Amino acid sequence: MSENEEIVYVYKNKVYLNITNRCPCACTFCIRSKKNAIGEASNLWLDHSPSFEEVKQALDNFNFDGYDEVIFCGYGEPTEAFDVLVKTARYLREKLHIKLRVNTNGLGSLINGRDISKELCDNVDAISISLNCSNKEDYYKIVRPKFGIESYDEMLDFAKKCRQYTDDVMLSVVDVIGDEEVEKCRKVAESVNIPLRVRKYDNSSDK
């Protein structure tokens, strides 16, 4: 990796891991279309997806004192580098006593061509899944997933599967969708028995 690219960065006193720039979506509100980095990072665009060895080196060079959580979330969908994600999570569990969370669009099983929900939940402590919309038609217009309009149902199915393996699962929306749509999303979340987190959009929001 070149010196001006960052795998590990800090945002709001949390450690984030930027392990890939690949993503099957092109969300209309995505922060990466507006700036090159967030938080204390200077550049989250990578010239290639890092290997586990490169991620490990970045972790070994970072001082984790004072941090209580590591979040897989950068300028890409972390399950696009699922093998690296799993190896990294296992390494961090050996190295540190720290909470591990994945922020994901919930399309990881489609990306990897197999159900990854159990393996993901076995290796991290918490899963945050971007709901974004209350219905698949709006989701397709706003999130623009390459897998088509059925991606919404696949995302919800992934969330329900994760809920079978861990209690620490949440769905999330960004407040720019408006109060009425937030309440509709809350009902969707309640229907699958998963809490909803409403995130404030401030031009530096994480996924």
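Let me begin with a term: a residue is called buried under 20% relative accessible area, exposed over 50%, and partly exposed in between, with a 1.4 Å probe and protein chains only. The model before you is predicted, so local features need pLDDT of at least 70, side-chain atom pairs count only at pLDDT 80 or more, and totals for chains, interfaces and linings use all residues. Residues are numbered from 1 along each chain as its sequence is written, and side-chain values use heavy atoms, with hydrogens and water left out.

With a relative accessible area of 0%, Glu77 is buried. Helices (H or I, at least four residues) and strands (E, at least two) are DSSP runs, numbered from the N terminus; Glu77 sits in the loop between strand E3 (69-72) and helix H2 (82-95). A polar atom of the Glu77 side chain lies 2.8 Å from the backbone nitrogen of Asn105.

Next, two asparagines. Most residues other than glycine have a negative phi. Asn13, however, has a positive phi of about 60 degrees, and Asn132 has a positive phi near 70 degrees. Where do we find Asn13? Asn13 is in the loop between strand E1 (8-11) and strand E2 (14-17), and at 48% relative accessibility it is partly exposed. Asn132, in the loop between strand E5 (126-130) and helix H5 (136-143), is buried at 6%.

Finally, the aromatic rings. Rings of Phe, Tyr and Trp (its six-membered ring) pair if their centres lie within 6.5 Å. The whole structure holds 7 aromatic pairs, and Tyr9, Tyr11 and Tyr16 form one aromatic cluster.

Definitions and conventions: A polar contact is a pair of N or O atoms within 3.5 Å; within protein, one must be able to donate a hydrogen and the other to accept it, and residues adjacent in sequence count only if both atoms are side-chain atoms. Rings of Phe, Tyr and Trp (its six-membered ring) pair if their centres lie within 6.5 Å; planes under 30 degrees apart count as stacked, over 60 as edge-to-face and the rest as tilted.
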